[in-house]
Amino acid sequence: MSTQASAVQTPTSFKPRIFSGIQPSGGLTLGNYLGALKRFVEKQDEGIETIYCMVDMHAITVWQDPEKLRHQTREGAAAFIAAGIDPKRSILFNQSQVSAHAELGWIFSCIARMGWMSRMTQWKDKTAGKNAEAASLGLFAYPALMAADILTYHATMVPVGEDQKQHLELTRDIAIKFNNDYGLDFFPVVEPLIEGAATRVMSLRDGTKKMSKSDPSDQSRINLTDDADTIATKIRKAKTDPLPLPDSVEALRDRPEARNLVNIYAALAEHSVEQVVRDFAGAQFGTFKPALADLAVAKLSPITTEMNRLMADPAEIDRILGDGADRAEAIARPILDRTKDIVGMIRSPKG
Ligand code: AMP
Ligand code: TRP
């Protein structure tokens, strides 16, 4: 055994650490807020070590205009801070400033199997009906980079929305295969945290489709940059059915649009879905929608205002991201170095 390999430490338990990321591939939506940001803040406030990342390298798996990418990365960072992320207590940075992500991403591309990647539903959805041959190689390899994002920090918990469940299962598979291949307990097998009433916020135009920043219809989503009037109008015009709200959660099962609005209300109000159903049993949408619009405006407007304030000073946002990147690098680099030792890569002594 080489001296480097024998110097490899084998952790048997991992300290609790949270990592999550958001793509700066468009403006953030209510789905991102309820499924991700709001919960990121709760985790920070529980006192767990939290690392949050604008994953700009993931964003360029599909074409991004450079100026827009820069703007959206800053806007995303502003949204984190406006939503309650304290860049002193949490680490907040953009992915491309910490090269460990790319380096470990390559190693994981050599661990993951083509078959695993081909089964990813997000890959299949994004290439469905299109010419898959014309998709970028990065889009196919995307989940290996996501595994690297998480595992280069030995993160143990990953808060995400429902749509990321399969990617996290792949992250677990990569960690397990790496550990098995090299006969070490080196990478943690992460736990997805998919919790709450809004793990899958649906489109306001179609209750069977996810609310998404890439939906061609702006009416389908609430953007964190929308003003109060726009939010109220979008909720008023949201698709619904003609029935009043029922008196049981069960009765919402086959009413996707109604269920979505009730779930959004519950998540924003921090009430259980049962409680919301109890409060609005028998109400018409003509009553429920204005109540939801008022609640959404009350919760989102302060965030939008704070985002706008922060965006007036982009240099300060860049400074925060740089500081976060330095602190992220300090955690990631030693883990990447140990990974390279395990794999058998020579690291010559510096200086
Ligand atoms: P993305 O915008 O795809 O980078 O997603 C960033 C985070 O937001 C991930 O944790 C997603 O699961 C979550 N997210 C995105 N859209 C939704 C949605 N409609 N409902 C709930 N969570 C979502
Ligand atoms: N794939 C995630 C999404 O589209 C974004 C992401 C990239 C991520 N790396 C991550 C999420 C690491 C959690 C952890 O939403």
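The following legends describe close-up views of a predicted model.

View 1. Polar contacts are pairs of N or O atoms within 3.5 Å. A polar side-chain atom of Asp-163 lies 2.4 Å from an oxygen atom of ligand 1, and one of Lys-213 lies 2.7 Å from an oxygen atom of the ligand. Gln-23 contributes through its backbone, with an N or O atom 2.9 Å from a ligand oxygen. The protein buries 93% of the 470 Å² that ligand 1 exposes when taken alone (Shrake-Rupley method, 1.4 Å probe).

**View 2. The shell around ligand 1.** Among the 18 residues around ligand 1, those that come nearest are Gln-23, Gly-161, Asp-163, Val-201 and Lys-213 (near: a heavy atom within 4 Å). The shell comprises six nonpolar, eight polar and four charged residues, with Gly counted as polar and Asp, Glu, Lys and Arg as charged. Helix H2 (30-45) and strand S1 (17-22) each supply at least two shell residues; H2 gives the largest share, four residues. Helices (H or I, at least four residues) and strands (E, at least two) are DSSP runs.

**View 3. The loop holding Gln-219.** Gln-219 is found between strand S5 (191-193) and helix H10 (228-236). Its relative accessibility is 34%, so Gln-219 counts as partly exposed (buried is under 20%, exposed over 50%, partly exposed in between; 1.4 Å probe, protein chains only). The C-alpha atoms of Gln-219 and Ala-238 are 8.1 Å apart, with the two residues 19 apart in sequence.

**Notes.** Residues are numbered from 1 along each chain as its sequence is written, while chains are lettered from A and ligands numbered from 1 in the order written. Local features need pLDDT of at least 70, side-chain atom pairs count only at pLDDT 80 or more, and totals for chains, interfaces and linings use all residues; side-chain values use heavy atoms, leaving out hydrogens and water.

Terms used:
A polar contact is a pair of N or O atoms within 3.5 Å; within protein, one must be able to donate a hydrogen and the other to accept it, and residues adjacent in sequence count only if both atoms are side-chain atoms.
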